[in-house]
Amino acid sequence: MFTKKRTLDMTQGPLFSQIMFFALPVMLSSILQLLFNSADLVVVGNFAGSECIAAVGATGSLVALLVSTFIGLSVGTAVLTAQYLGARNHEGVHKVVHTSMLLAIIIGIFVGIIGLFFSRNFLLWMDTPEDVLELSTLYLTIYFLGTPGSMIYNFGAAILRSNGDTKRPLYYLTVAGFANIVLNLICVAVFKMDVAGVAIATVVSQYISAILVVMNLCQIEGSCRLTIKSMRFYPSELWSIIKVGLPAAIQSSLYSISNVLIQSSVNYFGTAVLSGNTAGGNVEGYVNVSQSAFHQSALVFAGQNLGAHNYKRSKKVLWAALGSMTIVSLSLTGIVLLFRYPLLGLFITNDPEALEYGVIRLFVVCSTEFFCGFHDVICGELRGLGRTIGPMAMCLMGICGVRIIWIYTIFQEVKTYPMLLACYPVSWVITSIVALVYFMIVAKKMPNTDGDLEKA
């Protein structure tokens, strides 16, 4: 079942349809990953109450900070694999695969240890409400036991997607997602384990997806095949992964730090706002991760075409990716706003006040989510073209800088929940303008004619 060839030639053919074909499974995979957390919230919301929703929700930005920071390194794996495949450098691909998977294991253990011993301290630093602090600490401590599985899956999936295979990572997440939901119901509804139960279910599902992706890599044909005994650090490839991935990791951490500050400000308003913000954020998240699929598409397509010296095509990737993202983003945003109450009602069943705060988040943040996708796709294109510092700098100034300034100036003068949320669209619009200008500068410096493919 693992040996069938399911790859896509990204260096020729119609870009728009190829990107949509590539992005759809990635989009569904990201949605399934988000369902892990959403399933936690739906189950605790229906069987344990809004206090447990707030407890799980209070951990969201912190989890994103610690986990996404290191998953950012997988961007280095994706870019390097794509460029080597485009250049047909099979030995280079082999080295990247074995270096990346060992790196994933080490990072996963490291992040898990940090989360295990410092969860409570982090939550205290974020001013987590006292009435949910103990439950949040319990959830977070258990959750971080699953970070090795999460890292292994994400690095492995990055390799498969760079090879043009987006379907099998989706299949594995589907299996893990169903396991997560079933275990949620058993642990919470049957054994009354509340937040501990949903955390355990999430951890198990993460290891299921990791095991499946490793089995795939060990049995596929070609240079992306993984041999466990051959895992080691190849210095040149390790440095290249870090050189490309570290700026992405730093960007993720800076992005998450700004969200931690926002989460701390949300905590100021109390449990009702926290619950509504958590529910709204989860509904809105489905639009966000759908847009992110086109970030990955732009990254991989630009990387393979750059490796193949298809300079014209590599630049055209951006416009095809932006067009595809626009169609998906605006369609999903319309659906979310139209069905806002039923969607939020999946998470909040007994707190009308919290429900209204969730609606506020959707109208302020979700309605402007397109601008987040716009700059995200441009950043993916730039990384695929080997430009890593620029996207990081744009995030530092346009996203993090604007949000931090907003929180400590404008929000302090008008301390309301909608005013706090306004920092999202303001930062997205500013960063989108800067990103587009930067891409135009980079594109002008690239060759206008395609070169010959250099076969390794």
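Tutor: Let us begin with the rule for charged pairs: a salt bridge is a side-chain nitrogen of Lys or Arg within 4 Å of a carboxyl oxygen of Asp or Glu. The model here is predicted, and by this rule the count comes to 4 salt bridges.

Student: Which parts of the chain does the salt bridge between Arg361 and Glu284 link?

Tutor: In that salt bridge the closest N and O atoms of Arg361 and Glu284 are 2.8 Å apart. The pair links distant parts of the chain, with Arg361 in helix H14 (residues 352-364) and Glu284 in helix H11, 77 residues apart. To judge burial, recall that buried means under 20% relative accessible area; Arg361 therefore counts as buried at 8%, and Glu284 likewise counts as buried at 6%.

Student: Where do Lys95 and Glu91 lie?

Tutor: Both Lys95 and Glu91 belong to helix H5, where they are 4 residues apart, about one turn of the helix, and their side chains meet in a salt bridge with an N to O distance of 3.4 Å. Lys95 is partly exposed at 22% relative accessibility, whereas Glu91, with a relative accessible area of 53%, is exposed.

Student: Are Arg168 and Asp165 buried or exposed?

Tutor: Arg168 and Asp165 are both buried, and they form a salt bridge whose closest N and O atoms are 2.4 Å apart. Not counting residues up to four places away in sequence, Thr166 touches Phe21, Phe22, Pro25, Val26, Ser29 and Arg161.

Student: How many aromatic pairs does a search of the whole structure find?

Tutor: The general idea is to look at the distance between ring centres and the angle between ring planes, since planes over 60 degrees apart count as edge-to-face. The search of the whole structure finds 12 aromatic pairs. One of them joins Phe269 and Tyr417, whose ring centres are 6.3 Å apart and whose planes stand at 75°, so the pair is edge-to-face. Phe269 lies in the loop between helix H10 (235-268) and helix H11 (271-307), while Tyr417 lies in helix H18 (residues 417-421), so the pair ties together parts that are 148 residues apart in sequence. Phe269 is partly exposed at 25% relative accessibility, but Tyr417 is buried at 2%.

Student: Why is the pair of Trp319 and Phe439 edge-to-face?

Tutor: The pair is edge-to-face because the planes of the Trp319 and Phe439 rings are at 80°, with the ring centres 6.0 Å apart. This pair also links distant parts of the chain, with Trp319 in helix H12 (residues 311-338) and Phe439 in helix H19 (residues 423-445), 120 residues apart. Trp319 is partly exposed, with a relative accessible area of 44%, and Phe439 is buried at 1%. Elsewhere, ring pairs link Tyr268, Phe269, Tyr357, Phe411 and Tyr417 into a cluster.

Student: Which residues form a nonpolar patch on the surface?

Tutor: Val182, Ile186, Val190, Phe191, Met193, Ile200 and Val204 form the patch, which together has about 580 Å² of accessible area. Two elements, helix H8 (167-190) and helix H9 (194-219), each give two or more residues to the patch, and the largest share, 3 residues, comes from H8. Ile186 lies in H8 and is partly exposed, with a relative accessible area of 35%.

Student: Over which residues is the pLDDT below 50?

Tutor: The protein averages a pLDDT of 85, and 91% of the residues score at least 70. Over residues 1-5 the pLDDT is below 50, although this stretch has 12 contacts in the model beyond near neighbours in sequence; over residues 452-456 the pLDDT is also below 50, and that stretch has 13 such contacts. Where pLDDT is low, the predicted coordinates should not be read in detail.

Key
Residues numbered from 1 in each chain as written. Heavy atoms only, no water. pLDDT = per-residue confidence, 0-100. Contact = heavy atoms within 4.5 Å. Patch = residues over 30% accessible without salt bridge, like charges linked within 9 Å, V, L, I, M, F, W, Y side chains within 5 Å. Areas by Shrake-Rupley, 256 points an atom, 1.4 Å probe, with all protein chains shown as cover. Buried < 20%, exposed > 50% of the residue type's maximum accessible area, 1.4 Å probe, protein only. Phe/Tyr/Trp six-rings, centres within 6.5 Å; stacked < 30°, edge-to-face > 60°.
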